[in-house]
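Subject: Structure handover

Hello,

My notes on it follow below.

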Amino acid sequence: MDLSDSPLPLYFGKRHDLFGWQYSSLPQDSRPLGIVIVAPHGYEMMSMHWGLRRCAERLNAAGYPVIRFDLLGVGNSLGDERQPDQVAAWLDSIHQAVDFLKQSSGVANIVVLGVRLGATLAAQVAAAREDISGIILYAPCITGRQYVREMRAFAATIKDAPE
């Protein structure tokens, strides 16, 4: 990937409070759809960062415009993830990312790729929109109870880890 293919770091959204990396293809090489990548949450987000970055680079190299971003209140996006109605804010973040990619790249259709909690949120957004032509769900959280149980078990392993 040379500098001309470097992703553009930017703030976008209704209040320019969402941070992301936009990977733009040359118009003559671009595919008829764009890809929105929705990361997981917490430690899983940190663990998947490099892999999702590489995924975005490869999809873009294949001619797809891509946006990889942080949900509202997470990572480099503004806000506080402990605010009430955070799930609704995260869903709105994904809607804004879809709208931004469509407007900035000129594509009419979007594929949403989500990982873990990001996959669960992506599925909800895809069900609510008609311009989502596909979804890729990597290890989605099937139930909230299961996800909370997994996070508690993970936290317990960290607590018991030797220093």
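In β2, L18 is the bridge partner of F12. Strands β1 and β2 (residues 18-23) pair in the antiparallel sense, over 5 bridges. Pairing here requires at least two DSSP bridges between two strands. Helices (H or I, at least four residues) and strands (E, at least two) are DSSP runs, numbered from the N terminus.

On provenance: this is a predicted model, where local features need pLDDT of at least 70, side-chain atom pairs count only at pLDDT 80 or more, and totals for chains, interfaces and linings use all residues. Residues are numbered from 1 along each chain as its sequence is written, and side-chain values use heavy atoms, with hydrogens and water left out.

The sheet is open, with 6 strands in the order β1-β2-β4-β3-β5-β6 and mixed pairing. From one strand to the next, the twist averages 25°. Helix α1 (residues 43-61) packs on the sheet and touches β2, β3 (33-38), β4 (66-69) and β5 (109-115). Contact means heavy atoms within 4.5 Å. The direction of α1 makes about 165° with that of β4. Helix α3 (residues 117-128) lies across β3, β5 and β6, at about 150° to β5. Angles run from 0 to 180 degrees between N-to-C directions, with axes fitted to C-alpha atoms, for helices over the stretch in contact.

A search of the whole structure gives 0 disulfides (cysteine sulfur pairs within 2.5 Å). C55 is partly exposed, at 25% relative accessible area. C141 is buried, at 9%. Buried is under 20%, exposed over 50%, partly exposed in between (1.4 Å probe, protein chains only).

Best regards
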